[in-house]
Amino acid sequence: MIIVLKPNQQKGQIEHFIQRLTDNYDVQVNTWVGTHSTVLGLIGDTTAIDDEYIAAQDVVESVRRVQEPYKKANRKFHPDDSVITLPGGQKIGGGGLALIAGPCSVESREQIIGVAKSVQKSGAQFLRGGAFKPRTSPYAFQGMKAEGLELLQEAKKETGLPIVTEIMSAEHLPLFEDVDIIQVGARNMQNFELLKRLGKLNKPILLKRGLANTIEELLMSAEYIMAEGNEQVILCERGIRTYETITRNTLDISAIPVLKRLSHLPVIVDPSHASGLNWLIEPLAIAAAAIGADGLIIEVHNDPSHALCDGAQSITPAQFDLLSQKVTKLSQMVATL
Ligand code: PEP
Ligand code: MN
């Protein structure tokens, strides 16, 4: 339930009204304060609340029931865009195009530090690199695990770039203390126990859309994290499985404006996993920047043909440099439209 308050209400009156709501009903109240109005989002059992009674209160302008099952992720509860800000000042959301780049997997000290330095020079503000890898085959390279996380920290020390890396199990959480943004991969999007644990942290979570999940299911997974108290969620469209076989997945480009309409959370795009083809990364990245994505996460490898994972979709640092110039220019143009 959404309660819009009349403009210019005293702080004390608002607090008193919220107190009455929480005393009388089994609800949690989320308050969003805008320049012209204050919106209260009620979460919990609102069935006992009489809309007309609430609407008749002095401080209330209007009352609306929210049909969607996601509440904290819902734009109706938080009309402004949410912006994720890291301690170093890097931002995702609220304008601009955040660039996250790096190899699919950390493979060696030289590799991760080398790639980190080159993508930074080309404008990336975040370094990606998998240490725990969700591979379809148990015989494929599974990542460098704890050692990979240590190498990511070394790369961060060298460049200052915050680290984005995937978690596969809550058991590994102690190893992720110094990770700046924890990625939940497509295969874990509905690992609800993992999502609940991540909801107890105070750090951003990059939540990727599952291979065969709907937009609403993605938002419900974000809700799992937010319901536990962690509201720093970044949504990622990374392609979904369709009947098409030429591309690894199908980039659902319409998911970006749809998500931004339904939710206040930042939305980024992963053209690498969406396509599986290095030559498609640039056109898909351009499409994402043009349609209003808040950022891109792109696989960049120093030697794609020898990559231990996802070489066919990895671009070289030189290709990333060109791409970065194009999408940055484009997103600046889009902002002026
Ligand atoms: C990855 O980012 O390397 C990855 C495995 O992504 P996804 O979960 O989208 O497949
Ligand atoms: Mn990958």
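**Note on the ligand site and pockets**

1. Start with the ligand. In this predicted model, a polar side-chain atom of R238 sits 2.7 Å from an oxygen atom of ligand 1. K208 also brings a polar side-chain atom to an oxygen atom of ligand 1, at 2.9 Å. For E299, the corresponding distance to a ligand oxygen atom is 3.3 Å. How much of ligand 1 does the protein bury? Taken alone, the ligand exposes 300 Å², and the protein buries 97% of that.

2. Next, look at the neighbours. Ligand 1 is surrounded by 13 residues. The closest are R128, K133, A186, K208 and R238.

3. Which pocket does ligand 1 take up? Its space is the largest pocket. The volume of that pocket is about 240 Å³. Its lining counts 17 residues. P134, R187, R248, H273 and D310 lie nearest the centre.

4. Finally, step back to the whole chain. The domain assignment gives domain 1 as 2-64 and domain 2 as 84-336. How far apart are their C-alpha centres? The centres of domain 1 and domain 2 lie 37 Å apart.

Note on methods. Residues are numbered from 1 along each chain as its sequence is written. Chains are lettered from A and ligands numbered from 1 in the order in which they are written. This is a predicted model: local features need pLDDT of at least 70, side-chain atom pairs count only at pLDDT 80 or more; totals for chains, interfaces and linings use all residues. Side-chain values use heavy atoms; hydrogens and water are left out. A residue is near a molecule or strand if one of its heavy atoms lies within 4 Å of it. A polar contact is a pair of N or O atoms within 3.5 Å; within protein, one must be able to donate a hydrogen and the other to accept it, and residues adjacent in sequence count only if both atoms are side-chain atoms. Accessible areas come from the Shrake-Rupley method with a 1.4 Å probe; for residues, only the protein chains shown count as cover. On a 1 Å grid over the protein atoms alone, a cavity is a set of points where a 1.4 Å probe fits but cannot get out, and a pocket is an open set with protein on both sides within 12 Å along at least five of seven lines; lining residues have an atom within 4 Å of a point. A molecule sits in a cavity or pocket if more than half of its atoms lie within 2 Å of its grid points. Domain bounds come from an automatic or database domain assignment. Grid points are joined across faces, edges and corners, and a volume is the space filled by probe spheres set on the points.
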